[in-house]
Amino acid sequence: MRYYAQYNENNVLIAIGTGYGGTEITEAEYNTLLSEILEKAALVNKLYSGEITIDDVPTEWQEEIQRRVDERIAEQGTAEDPEISSEEALNIILGGEA
Amino acid sequence: MSYNTDLQSNNTDLQSILDLIQALPEGAKPGQTKIVTPSLSEQTIAPDSGKSLSSVQVSAITKELLANLDSDFIADNIAKDIDLFGLVGTLEASAGGFAYGTITPADTTVAQIEIEHGLGAIPDFIAICAANDKNSVYTRSTPYGQSFIYAKYVSTNNGYRRYAAKHQYTSSLKYDEGNISSTIGSGLAYYLALSDTSIIWPNRNTSYGFGKYPAPFLWIAIKEISA
């Protein structure tokens, strides 16, 4: 299997993947990057939901994590604001059509 | 002494001299250079009678020589841009087939993700879904699980075909007068675009993009193979 990393014009990592495209990397490098991506995503969610504070984020990641949370708030509102309507939520809870 | 006897004696002497000459080592014979052109069959290079080989010159293998030896040695039979013995190929692979892979966005704030499919033509069909059933990084109570993007062609812009897409996770979808809409919540949002090299996917950290789900996504693109 071919593993790759994709960077933008500023050499910032945009995505990783398998198959065609990007810059080929080793499986070990891919797994390392994947772990970091998932870990950062988890921190974004926790910070967004208020489960943690920015001080709980590794120093070297704080700027990025805070930026991503700020952008998420700008697009979706705070975690207290429902992303779906109460009607949608009720429909889900009652096992309605997904 | 008769003349015949003398002639016979001379012949005997000459024959003896000839035998001695022929018995001489090779180096003693006059040298000769031969030029050989490679061929499709094995060749044995031997000196002419009475001579020895001082050198054998073998002609270089050139594209002209190969073309003379095999009528199939033409540019159209060599993959494009591949150089064989100085002949650069012009054969292009037929666009089509299928490609698949996974992609995991690194940053949910990147506006779009470009998936290179490498098919050489705009795919006839694509599908993208979350690779994992459980997005354990998310704390939301609503399980998004596997997700599909439904899309409808809208327009062509700058060489890309653009599609209005809906991320199916909670809403019922309906198709009405050429539009995909949701019976609950908002309707069409964000474009995905296809080109002959890549799939452009909106990645914003919203319900309609990759960015909300950094876990790996599976993708497949299919293009009917052209003749």
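Colleague: Exposed means over 50% relative accessible area, and buried means under 20%. With that in mind, is B:Phe85 buried or exposed?

Modeller: This is a predicted model, and in it B:Phe85 has a relative accessible area of 51%. That value is over 50%, so B:Phe85 counts as exposed.

Colleague: Where is B:Phe85 found?

Modeller: In chain B, a loop runs between strand 3 (83-84) and strand 4 (87-88), and B:Phe85 sits in that loop. Its phi is near 55°, which is positive although the residue is not glycine.

Colleague: Where is A:Asn11 found?

Modeller: In chain A, in the loop between strand 1 (3-7) and strand 2. A:Asn11 is exposed too, at 60% relative accessible area.

Colleague: New topic. How many helices and strands does chain B have?

Modeller: Chain B has two helices and 14 strands. The chain has 227 residues, and 35% of them count as buried.

Colleague: Which residues have the most contacts inside the largest nonpolar core?

Modeller: B:Ile103, B:Ile115, B:Ile199 and B:Trp219, in a core of 16 residues. From chain B, the elements giving two or more residues to this core include strand 5 (97-105), strand 6 (112-116) and strand 7 (125-130).

Colleague: What is B:Trp219 in contact with?

Modeller: Setting aside neighbours within four places in sequence, its contacts include B:Tyr100, B:Ile103, B:Ile115, B:Ile128 and B:Ile199. Another core, of 10 residues, lies apart from the largest one, and A:Tyr3, A:Ala5, A:Ile25 and A:Tyr30 are among its members.

Colleague: How are A:Glu64 and A:Arg68 placed in helix 2 of chain A?

Modeller: They are four residues apart in that helix (residues 59-76), so about one helical turn separates them. A:Arg68 counts as buried because its relative accessibility is 1%, under the 20% limit. The two also belong to a salt-bridge network together with A:Glu36 and A:Lys40.

Colleague: Which residue forms a salt bridge with B:Lys34?

Modeller: B:Asp48, with the closest N and O atoms 3.1 Å apart. This pair links distant parts of the chain, since the two are 14 residues apart: B:Lys34 is in strand 1 (residues 31-36) of chain B, and B:Asp48 is in the loop between strand 1 and strand 2 (52-58). B:Lys34 is partly exposed at 23% relative accessible area, and B:Asp48 is partly exposed at 37%.

Colleague: Which residue does B:Glu64 form a salt bridge with?

Modeller: B:Lys63, where the closest N and O atoms are 3.5 Å apart. B:Glu64 is partly exposed, at 46%, as is B:Lys63, at 32%.

Notes
Residues numbered from 1 in each chain as written. Chains lettered and ligands numbered in written order. Predicted model: local features only at pLDDT ≥ 70, side-chain atom pairs only at ≥ 80, totals over all residues. Heavy atoms only, no water. Buried < 20%, exposed > 50% of the residue type's maximum accessible area, 1.4 Å probe, protein only. Core = buried A, V, L, I, M, F, W, Y, C linked by side-chain atoms within 4.5 Å. Contact = heavy atoms within 4.5 Å. Salt bridge = Lys/Arg side-chain N within 4 Å of Asp/Glu carboxyl O.
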